Amino acid sequence: MKSSQKKFRSQKHKQPLVLGIETSCDETSCAILRGKDEMLSNIISSSLFRHKPFGGVVPEIASRHSLEQMQVVLDQALQTAKVKLKDLDLIAVTYGPGLIGSLFVGVCFAKALSYALGIPLIGVNHLEAHLVASFIGAKQPVNFIGLLVSGGHTHLSYHRKNRVQILGATVDDAAGEAFDKVAKLLGLEYPGGPVIDQLSREGNAGRFKFTLPKQNQRFGFSFSGIKTAVLYAVKNFRKENHLSVGDALPGQFVRDMAAGFQSSVVDWLCMKTLDAACHKKVKDVVVGGGVSANSFLKQELTRRAAEFGIKVWFPERTLALDNAAMIARRGLELYESGKISKLSLTAEPNLKIKT
Ligand code: KG4
Ligand code: ZN
């Protein structure tokens, strides 16, 4: 990306119309934002139902779904926003991290549109976008701690006047991945996060307790230990109750285990996040990524942060999961700071956050 003039070619609107495109994993999404705050549409087509039988996302199925849905989703986004292609001022697209095939669909589509319409293109980092999802329609704090908890990534970051410092990350599984793997061990469907969230409401979190994993990094995470602890607890339970591998686990056992697991993960996330906020003396914490949809995390982090006078920002549900509105929001922010992408922009599956 290089610096360029910040003016919009058309100058048709007081606030630019930005098209966001997101295809990093199993969702295909297009959104239209007027400026950074007005969300005119945010259409999401999920291929989740196609992956469920396999217990996880199948990359080939995800990219084929995006290829089929891209134009349909774009048409619907334009229609809902009541705008035409020629009205657009900027195109923002996720170029990483994610599945290479899926990313390519969005990036190629965005480049073709940008070229055909003669409007600028901006490549967006999916992880950075998750952390601005809560700011659509709100005044963004200058300094904050970011907690990113998605299916593929988990880290704590410190944001100060547009500069980002990664404070710590998971050394093994991501938080969402842990939810998905534990759900599988309990015989629950994919994705595990929403199911565990739901079942935990009727579970006794005190029945199974998990200890905080040993961590060298003050702001780092580790989730593979708890997954192994659940695996052994399930194995022991089966042995003691003479259940074979194919037998379903009793409902109350599953609910209690789900609640115990969720409560431990949420406890660790809250502890580390609030430690980081106090360490950096900030009064705002921003949560992003799929796990930010977790109701217990929202309840606990908000309650515990309030004791320190800290405000926690959670995106509303449709903005918590993968969506193009957050891509448009981040894209406009980058463009206004002088960034622009060339038509040589390509998919970067292992893209990192710029620090
Ligand atoms: O951000 P996201 O939509 O996709 C990635 O970029 O990875 O996150 C997906 C992850 C999945 O692992 C899913 O189980 C988890 O978010 N998730 C949840 C909840 N809803 C989705 N985890 C816990 N509680 C939820 N309610
Ligand atoms: Zn995501």
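Visitor: A cavity is a set of points on a 1 Å grid over the protein atoms alone where a 1.4 Å probe fits but cannot get out. How many cavities of 30 Å³ or more does the structure hold?

Guide: This is a predicted model, where local features need pLDDT of at least 70 and side-chain atom pairs 80 or more, while totals for chains, interfaces and linings use all residues. Residues are numbered from 1 along each chain as written, chains are lettered from A and ligands numbered from 1 in written order, and side-chain values use heavy atoms, without hydrogens and water. As for cavities of 30 Å³ or more, the count is one.

Visitor: Which charged residue lines the largest cavity?

Guide: The largest cavity has a volume of about 50 Å³. Its lining (residues with an atom within 4 Å of a point) has four nonpolar, three polar and one charged. Asp, Glu, Lys and Arg count as charged, so go through Leu212, Pro213, Gln215, Gly220, Phe221, Ser222 and Trp268, and you end up at Lys272.

Visitor: Are H5 and H8 roughly parallel or roughly antiparallel?

Guide: The axes of H5 (residues 175-185) and H8 (residues 251-279) come within 11 Å and cross at roughly 165 degrees. Angles over 145 degrees count as roughly antiparallel. H5 and H8 are therefore roughly antiparallel.

Visitor: Which residues of H8 does H5 meet?

Guide: H5 brings Ala178, Phe179 and Val182 to this contact (heavy atoms within 4.5 Å). By class, the contact has five nonpolar, one polar and no charged residues. On the H8 side, you'll find Phe261, Gln262 and Val265.

Visitor: How do H5 and H6 lie to each other?

Guide: The axes of H5 and H6 (residues 192-200) come within 7 Å and cross at roughly 70 degrees. Since 65 to 115 degrees has its own label, H5 and H6 are roughly perpendicular.

Note on methods:
Axes fitted to C-alpha atoms, helices over the stretch in contact; angles between N-to-C directions. Helix = DSSP H or I, 4+ residues; strand = E, 2+ residues; numbered from the N terminus. Parallel < 35°, antiparallel > 145°, perpendicular 65-115°, else oblique. 1 Å grid on protein atoms, 1.4 Å probe; cavity = no way out; pocket = protein on both sides within 12 Å on 5 of 7 lines; lining within 4 Å. Points joined across faces, edges and corners; volume = space filled by probe spheres on them.
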